[in-house]
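Please look through the sequence and the three-dimensional structure shown below.

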Amino acid sequence: MKPDGSYKQLDPLEDPEVQPTRFPPKGADSSSLSRFSRGVLLSAVPLAFFIFIFLFFFHLRPSSVFGIPAGGDAGSCGDTCRIVLVESIPEGMTFGEGSPLNPSTFSTWMNLLGTVTRSLDIASFYWTMTNRDTRTHQPSAAQGERILEELLQLSRRGVAVRIAVSPPSAKSPLDDLRALEQSGAAVRAVDLPRLTGGVLHTKLWLVDGAHLYVGSANMDWRSLTQVKELGAAVYNCSCLAKDLGKIFEAYWALGVPGASIPVPWPANYSTAFNMETPLELKLNDTDSSVYFSSSPPALCAAGRTQDLGALLGVIDAAEDFVYVAVMSYLPTTEFSRPERFWPAIDNRLRKAVFERGVKIRLLAACWRHSRTTMFPFLKSLAAVADNRTGYSVEVRLFMVPTSGTQARIPYARVNHNKYMVTEKAAYIGTSNWSGDYFTQTAGSALVVNQTVSPTGDGGDGDTGTIRDRLQAVFERDWNSRYSADIGDVARWETLCGSP
């Protein structure tokens with residue numbers, strides 16, 4: 001989703017006159033250290049040496065002594081981690097009785113804000129949390145305005161707030177970011193237009209080094225009430241939060257004016273958790289293999305699986321089905337000039353159908369800002385299905401209902417989801433499925449492999465596997481009255497794409 005007239009996803013890629021706004025980092029003056037502080041530091045050196053000798057002789061890791069997760073050393077996590085699917089359902093949308101219900105993005109963010117005691121890191125594309133930002137007068141903006149009010153209080157409570165954001169364009173509203181800086185938050189604009197030719201498109205929260213959110217929702221009031229979003233919140237999982245924190249720290253390091261991308265990245269940005277060696281842990285009491293992927297390749301430190309590699313790996317591992325829900329699907333680049341053919345994902349889906357007989361279902365978004373070039377490619381993919389061969393490929397379009405009043409809300413009323421589910425894994429990402437998102441733009445994804453489901457899902461989002469729940473969400477949307485087959489031209493042709 002894009003803010004009101006401010007981005008043509010993405011202004012920095014399309015408008016050569018856009019000048020990024022930088023927010024200088026705040027730093028402490030090292031000369032302010034007192035003599036007492038220096039004395040404490042000096043006295044700590046012998047103690048640290050003694051601890052090192054003790055650990056060496058007794059073959060102990062610092063993590064076992066101080067309770068710090070072992071991270072890449074052990075490849076496992078002792079935390080009791082809880083994962084919840086999180087959704088924003090646009091106002092006016094209803095599903096049938098018995099449909100899966102998940103916590104809202106708003107309630108999840110409020111819960112995280114009520115939990116935070118020490119630190120909050122947010123990476124986001126842009127900020128438009130109020131009616132003033134979008135020049136609207138919508139009552140539904142109240143949820144975004146409430147979130148912003150809570151955020152503005154954190155620094156006064158002693159919480160360290162850091163925000164990494166894509167450089168606002170000359171037309172973008174800056175009120176939210178300026179207010180956050182004035183409240184005491186540290187804000188850095190990551191100049192990816194200069195560094196990679198893309199933007200910071202990731203959407204993530206990190207709370208107290210223990211809880212996290214990752215998903216499709218932007219820091220935008222419309223992402224709470226007017227746009228269909230999906231993400232995941234993970235609680236009490238320091239080992240997973242620590243690993244996602246390394247991705248945030250890379251953004252933070254690149255937010256310094258004049259920063260360059262290190263080659264290679266320093267070792268402290270590296271990870272042992274990836275597609276080959278995922279983190280083994282229990283999510284909702286179910287054995288799970290988990291890792292975070294990242295894009296573009298230049299931002300991946302040693303050990304980090306590239307986002308495209310993760311996505312293709314999930315497809316390649318599927319033996320039964322691959323279900324995809326994404327706002328835009330294009331086997332091309334969208335924002336680089338000239339646009340180029342980019343069939344990496346499309347080819348892999350076709351290969352899965354042809355070579356392994358995998359069932360493919362693709363649910364793309366239909367709204368007035370859809371790229372008209374998307375539909376011929378979607379029809380081509382659907383045409384792989386043939387009664388004589390038995391190939392199973394279906395493509396549908398999802399249309400969020402819109403009233404006359406809602407139609408006046410800019411860049412709203414769209415299915416903004418970016419996920420995939422197979423019989424083995426859940427992939428919850430922040431990127432649309434076209435070339436630039438994986439080669440130039442910063443994004444990330446949570447990949448969870450679970451093949452066994454505990455019984456007794458109470459329907460509150462806390463139980464069952466995340467894979468099961470994601471499949472249920474997909475099937476709810478796929479079978480709803482809001483989706484139409486790509487062959488049913490009469491239902492969608494006048495609603496999708498620019499007039």
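Predicted model: local features only at pLDDT ≥ 70, side-chain atom pairs only at ≥ 80, totals over all residues.

Helix α12, residues 344–356, packs against helix α13, residues 374–382, at an angle of about 15°. Because angles under 35 degrees count as roughly parallel, α12 and α13 are roughly parallel to each other. Their axes lie 11 Å apart, and the crossing of α12 and α13 is right-handed. Where the two helices touch, Asp346, Leu349 and Arg350 of α12 meet Phe377, Ser380 and Leu381 of α13. The residues in this contact of α12 with α13 comprise three nonpolar, one polar and two charged.

With this pair of helices described, the whole protein may be considered. The protein contains 16 helices and 18 strands. Of its 499 residues, 56% count as buried. Among the contacts in the protein with a separation of 6 or more, 78% are accounted for by residues 24 or more positions apart.

The strands may be taken next. Strands of a sheet pair through backbone hydrogen bonds, in either a parallel or an antiparallel manner.

Strand β2 (residues 119–124) pairs with strand β4 (residues 160–165) in the parallel sense over six bridges, and Ala123 has Ala164 of β4 as its bridge partner. β4 also pairs with β5 in the parallel sense, over four bridges. Here the bridge partner of Ala164 is Arg188 in β5. Strand β4 is mostly covered, as five of its six residues are buried.

A second open sheet has nine strands, in the order β10-β11-β17-β16-β15-β12-β13-β14-β18, and its pairing is mixed. The edge strands are β10 (279–283) and β18 (483–485), each of which pairs on one side only. The twist in this sheet averages 20° from one strand to the next. Within the sheet, strand β15 (residues 418–422) and strand β16 (residues 425–429) pair in the antiparallel sense over three bridges, and Met420 stands opposite Tyr427 in β16. Helix α15 (residues 466–478) lies across several strands, among them β12, β15 and β18, and runs at about 110° to β15.

The final subject is a single residue. Is Asp307 buried or exposed? Asp307, which has its place in helix α11 (residues 307–317), has a relative accessible area of 0%. Since buried means under 20% relative accessible area, Asp307 is buried. Which residues surround Asp307, leaving aside its neighbours within four places in sequence? Asp307 is in contact with Ser293, Ser294, Ser295, Tyr427, Ser431, Phe438, Gly443, Ser444 and Ala445. One of these residues, Tyr427, is the residue in β16 that Met420 stands opposite. Asp307 and Val447 are 140 residues apart in sequence, while their C-alpha atoms are 9.9 Å apart in space.

Conventions. Residues numbered from 1 in each chain as written. Heavy atoms only, no water. Pairing = 2+ DSSP bridges. Axes fitted to C-alpha atoms, helices over the stretch in contact; angles between N-to-C directions. Contact = heavy atoms within 4.5 Å. Parallel < 35°, antiparallel > 145°, perpendicular 65-115°, else oblique. Left-handed = near helix turned anticlockwise from the far one by under 90°. Nonpolar A, V, L, I, M, F, W, Y, C, P; charged D, E, K, R; others polar. Buried < 20%, exposed > 50% of the residue type's maximum accessible area, 1.4 Å probe, protein only.
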